[in-house]
Amino acid sequence: MTPALPVRPPRLRPGDRVVVVAPCGPLAPERLDGGLDVLRGWDLDPVAAPHARGTHPTLRHLAATDEQRARDLQEAWCDPSVRAVFAGRGGYGAQRMVDLLDWDAIRAAAPKPLVGFSDVTVLHEAFAVRAGVSTLHGPAVAGEVFLKDEATREHLRRTLFAPESVRTLTAPSVRPLVPGRARGVTLGGCLTMLASETGTAGARRDAAGGLLLLEDVGEPPYRLDRALTQLLRAGRLDGVAGIVLGSWARCGPYDQVRAVLVDRLAGLGVPVAEEFGFGHGDTALTVPLGVPAELDATAGTLTFEVPATV
């Protein structure tokens with residue numbers, strides 16, 4: 001039996017109330033304020049979650065305690081007056097709090113857009129597998145790229161408000177690492193987070209029938225090799241239909257990164273497109289996760305069969 005597709009959330013409309021959470025690292029106050037201002041400029045009604053400005057009492061790499069960060073996310077998701085949840089940044093910490101969420105309550109709540117990337121990959125995977133909801137691999141609204149790059153902001157805005165206008169994704173840099181076409185449901189995100197999820201409670205067993213997104217930041221080629229090899233050895237790439245590679249910022253010279261990608265992925269015998277323009281780059285596309293699409297690695301396009309939001 002073919003598994004049911006994740007449920008797509010409603011699109012946003014002017015006046016909608018949205019919440020910015022910090023499920024991972026602490027947010028810089030001025031960047032959080034800047035992100036809230038951008039959302040107000042979209043005619044939204046944004047608020048910061050209670051601990052979005054917090055810091056863990058002893059672990060300075062976390063925005064607040066695991067329980068506080070989980071409570072902020074759950075309350076925002078389960079509040080019927082909130083129409084979307086934005087992660088302020090990535091960093092590290094989602095793994096520590098994801099099992100503290102009440103997944104029965106989350107499944108019972110109406111779906112809404114969840115936006116983020118990097119460490120938020122853990123939450124994208126959890127909402128897909130445990131709650132059956134599609135999400136958006138998009139910029140962190142208190143992040144430098146979102147605040148500085150108009151193209152990044154505009155692509156997220158259109159995905160949220162007018163998803164029909166961004167059904168086909170591409171970027172000037174896209175090229176085929178392995179040519180060909182494939183259809184499947186999008187999944188994935190940050191490579192090292194996907195690798196670290198292997199074997200954990202509720203983790204996806206494999207990528208069967210999927211178009212897998214991969215990107216990362218600050219990982220030298222041998223660490224990328226290690227993460228890809230772990231996914232391969234664990235069977236996490238079994239049945240994958242195609243692969244879409246994003247940015248590899250600060251991962252070393254791209255020719256060395258590319259050599260690892262070719263060595264580890266080309267042998268799968270599926271289409272692979274590289275340099276697709278999502279992730280930790282200077283400009284970042286928003287890519288829906290949990291939505292059926294067609295990858296044309298030769299042409300450098302990813303075309304969604306339905307809009308990201310309804």
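Select Arg-153 and the residues around it: leaving aside neighbours within four places in sequence, Arg-153 is in contact (heavy atoms within 4.5 Å) with Val-38, Trp-42, Phe-146, Leu-147 and Lys-148. Arg-153 belongs to helix α7, residues 150–161, where helices are DSSP runs of H or I of at least four residues and strands are runs of E of at least two, both numbered from the N terminus. With a relative accessible area of 14%, Arg-153 counts as buried, a term that means under 20% relative accessible area, with exposed being over 50% and partly exposed in between, for a 1.4 Å probe and protein chains only.

The model is a predicted one, in which local features need pLDDT of at least 70 and side-chain atom pairs count only at pLDDT 80 or more, while totals for chains, interfaces and linings use all residues. Residues are numbered from 1 along each chain as its sequence is written, and side-chain values use heavy atoms, with hydrogens and water left out.

The structure holds 3 aromatic pairs, a pair being rings of Phe, Tyr or Trp (its six-membered ring) with centres within 6.5 Å, called stacked if the planes are under 30 degrees apart, edge-to-face if over 60 and tilted otherwise. Trp-42 and Phe-146 make one of them, edge-to-face, at 6.0 Å centre to centre and with 75° between the planes. Because Trp-42 lies in the loop between α1 (29–41) and β2 (45–48) and Phe-146 in helix α6 (residues 144–148), the pair ties together parts that are 104 residues apart in sequence. Trp-42 is buried at 12% relative accessibility, and Phe-146 is buried at 1%.

Next, select Trp-103 and Phe-127, an edge-to-face pair with 5.1 Å centre to centre and 75° between the planes. This pair links helix α4 (residues 103–108), which holds Trp-103, to helix α5 (residues 121–131), which holds Phe-127, across 24 residues. Both residues are buried. Over the ring of Trp-77 sits the charged end of Lys-112, 5.9 Å from the ring centre; the criterion is NZ of Lys or CZ of Arg within 6 Å of the centre and within 35 degrees of the ring normal.

Finally, turn to the open sheet of 8 strands, ordered β6-β14-β13-β8-β9-β10-β11-β7 with mixed pairing, where two strands pair if DSSP finds at least two bridges between them. Its edge strands, β6 (168–169) and β7 (175–178), each pair on one side only. Within the sheet, β8 (residues 181–190) and β13 (residues 292–296) run antiparallel and are joined by 5 bridges; select Gly-184 to find Ala-293 of β13 standing opposite.
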